[in-house]
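Please keep the sequence and the model in view while reading.

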Amino acid sequence: MQKTTARVMTSLLFSQQETMTAADLCEELQISSGAVSGAVKQLIQSGLLERVPAPGSRRDHYRFPDGAWARLMSQQNQLLSTMSEVAEQGLAAAGGPSTLAGRRLAEMEDFYAFILRELTPLIDRWRTNFAAKREAGRD
């Protein structure tokens, strides 16, 4: 993550306001609107930020959506799947698991396949646990 993007994320994360505008971020961070725009775009694409309407305002307002961290981790599934597939293809190209490169690639494939299998249920358990805490009033 670029430094400016991290600063924008941190400002929104620590803000006591529900939302912030680009102008708010420019003023708080003393950075250009272009820098804020680029950071906001990156954060929206990653799912860590969302644009929300604000009654009576024509400016875009931004906030952290509920479940942002779980959504971010869930997006990693595609990367994990790709890495597992690449390792599987590499394993065949390297002559199988009996070669030195094959052993490395077999370990890589096993690792990513394992993480991929475990991550989704883990995130689901966290969501259930977090929802239960919220219902009990223990944010």
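## Packing of α1 and α3

The model is predicted. Two packed helices are described by the angle between their axes and the distance between the axes. Helix α1 spans residues 3–14 and helix α3 spans residues 33–46; their axes are 9 Å apart and form an angle of about 75°. Angles of 65 to 115 degrees count as roughly perpendicular, and α1 and α3 are therefore roughly perpendicular to each other.

On the α1 side, the contact is formed by Thr4, Thr5, Val8 and Met9. These residues meet Ala35, Ala39, Val40, Gln42 and Leu43 of α3. Sorted by class, the contact of α1 with α3 comprises six nonpolar residues, three polar residues and no charged residues.

## The buried side of α2

Helix α2 covers residues 22–29, and its residues Leu25, Cys26 and Leu29 are buried. An α-helix has 3.6 residues a turn, so residues three or four places apart point the same way.

## The largest nonpolar core

The largest nonpolar core holds 17 residues, of which Val8, Leu12, Leu25 and Val40 touch the most other members. The elements that contribute two or more residues to this core are α1, α2 and α3. Among the elements, α3 gives the most, with four residues.

Apart from neighbours within four places in sequence, Leu12 is in contact with Met20, Leu25, Leu49, Tyr62 and Phe64.

Gln30 lies in the loop between α2 and α3, just after α2. Most residues other than glycine have a negative phi. Gln30 has a positive phi of about 55°, although it is not a glycine.

Is Gln30 buried or exposed? Its relative accessibility is 66%. Since exposed means over 50%, Gln30 counts as exposed.

## Ser46 and Leu72

Ser46 is placed in helix α3. Along the chain, Ser46 and Leu72 are 26 residues apart, while their C-alpha atoms are separated by 6.5 Å. Leaving aside neighbours within four places in sequence, Ser46 is in contact with Leu72 and Gln75.

Definitions and conventions
Residues are numbered from 1 along each chain as its sequence is written. This is a predicted model: local features need pLDDT of at least 70, side-chain atom pairs count only at pLDDT 80 or more; totals for chains, interfaces and linings use all residues. Side-chain values use heavy atoms; hydrogens and water are left out. Axes are lines fitted to C-alpha atoms, for helices over the stretch in contact, and angles run from 0 to 180 degrees between N-to-C directions. Angles under 35 degrees count as roughly parallel, over 145 as roughly antiparallel, 65 to 115 as roughly perpendicular and the rest as oblique. Contact means heavy atoms within 4.5 Å. Ala, Val, Leu, Ile, Met, Phe, Trp, Tyr, Cys and Pro count as nonpolar, Asp, Glu, Lys and Arg as charged, and the others, Gly among them, as polar. Buried means under 20% relative accessible area, exposed over 50%, partly exposed in between (1.4 Å probe, protein chains only). A nonpolar core is a set of buried Ala, Val, Leu, Ile, Met, Phe, Trp, Tyr and Cys residues joined through side-chain atoms within 4.5 Å.
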